[in-house]
Every structure is written in C-alpha cells, then in structure tokens.
Amino acid sequence: MKGKLEWIYKSSKALETTFRSDEMEAVQAVMIAEDLKRTGRLKAVTFIDQVGTSWTVKELQSYVKEIETEPHNITVYFDGGFDVSSKTAGLGCVIYYEQNGKSYRLRRNALVSELVSNNEAEYAALHLAVQELEFLNVHHLPVMFKGDSRVVINHLSEEWPVIEQHLYSWADRIVGKLKALGIRPEYELVARKANMEADRLAAQALKGIDIMALSERE
C-alpha cells in the first residue's frame with residue numbers, strides 16, 4: 001500500500017504548520033513517522049492512502065505487521081500468444097512479490113483452446129495471473145499489472161471502451177474477481193522487451209512445455 005504522510009509541526013514558539021510528504025510505501029511511512037515523533041515537534045501525523053483513507057500511525061503499524069507474513073509489494077507481468085493454424089493460445093504470467101522479509105518470483109503458463117484472437121489470449125493470460133494471485137491468498141492489497149497489450153491495458157484502465165462482446169466477457173470476469181479479492185489494480189503498458197519473461201512462457205506453452213515454478217530472489 002502506498003500513500004502520503006501529513007503532519008502538523010509545532011515550533012518552540014508554538015507556531016504550527018502542516019506538511020505533506022511524497023508518495024511512499026506504508027513500511028517507509030511508519031519509519032518516517034517514528035523519526036518525526038522523536039523530534040519532539042510533532043503535534044499530529046496521519047497516513048493517507050491512495051483511495052483517500054486516513055490511518056493513524058498505530059493503525060499503519062498494525063497493517064504493516066499483518067501483511068509481512070502475506071504476499072505483498074506485488075507486480076504481475078502477463079502475455080498471451082495465439083496460433084491461428086491450431087486455434088490454440090499460450091498464456092504466460094510472472095508474479096513478483098515479497099513475504100516474510102524475502103522476495104519471490106512465480107512463473108506460470110498454460111495452453112488453452114477455443115479462443116479466437118491474440119487479444120483474447122492476452123485477456124486469458126491476465127485472468128490466469130489473477131487466478132494465481134487468488135491461490136497465493138492475495139487480498140485487499142494494491143497490485144501492479146504490466147503487459148504489452150495496448151488493448152487489454154487501455155480497456156481495464158478505462159482509457160478505451162470494450163466493444164467486442166467476447167473481450168467484454170473476459171474484462172467483466174477479471175474485474176469481478178479483483179473486486180471479490182479486494183485487490184486494487186494498477187495497470188501499466190510496457191514495451192515488449194520489458195515483458196520478455198511472460199512472452200517466453202506463453203511461447204513455451206504453445207510448444208507444449210508446462211511451467212509452474214516458484215523461486216526466491218536475492
């Protein structure tokens with residue numbers, strides 16, 4: 001979770017003014033709030049998250065302690081490939097997250113049929129990633145989704161309307177699942193080169209190579 005600290009500073013001559021920080025992670029906010037308290041000049045401090053909810057330092061400390069044992073600081077890459085001749089699609093997703101003070105990478109792919117286009121394959125790849133988040137028990141957290149599909153990213157970030165019915169069905173299913181999990185999605189369009197891991201997984205799926213791997217990162 002990200003947000004901004006807002007605090008009231010009281011000078012030695014009883015003058016007061018309000019400051020607001022840049023956006024930062026909740027863990028950093030707790031550390032800075034504790035430092036501010038040690039100055040002896042802090043009258044009040046509040047953390048305001050990205051949806052405008054205000055947190056006391058005590059509430060924020062409890063939140064940080066709670067999520068430490070669960071997956072957090074999550075970034076998802078997804079990609080889909082479609083083979084016109086066989087009418088099959090390869091789906092790939094990579095999930096980076098932290099848990100218990102360690103960093104992990106989860107790689108997953110799948111081969112599916114009965115899709116009709118590359119755009120639908122991209123949606124199916126994102127849906128696969130959301131399913132993996134559910135399996136990881138990710139809930140009520142912000143998650144960054146990155147992909148090189150301009151269609152999917154612009155649809156879900158509401159930059160473009162979803163016109164095709166079959167794509168609308170995928171978008172509706174994904175949005176519904178994210179809401180059910182309490183996940184607050186952020187979407188970022190990245191260059192194909194920056195999405196090579198997910199692209200490779202999708203290509204391997206089309207070749208019949210199944211991958212499900214979890215590894216710890218240094």
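Look at the face of helix α1 turned away from its buried side, and you'll find the exposed residues Met 31 and Arg 38. Exposed here means over 50% relative accessible area and buried means under 20%, using a 1.4 Å probe and protein chains only. Keep in mind that this is a predicted model, where local features need pLDDT of at least 70 and side-chain atom pairs count only at pLDDT 80 or more, while totals for chains, interfaces and linings use all residues. Residues are numbered from 1 along each chain as its sequence is written, and side-chain values use heavy atoms, leaving out hydrogens and water.

Ala 26, Ala 29, Val 30, Ala 33 and Leu 36 are the buried ones. They sit on the same side of α1, because they cover an arc of only 125° around the axis, judged by the directions from the helix axis to the C-beta atoms. Among what covers them are β1 (2–10), β3 (24–25), β4 (42–49) and α2 (57–67). Helices here are DSSP runs of H or I with at least four residues, and strands are runs of E with at least two, numbered from the N terminus. Just after α1, Gly 40 takes a positive phi of about 80°.

Note on methods. Contact means heavy atoms within 4.5 Å.
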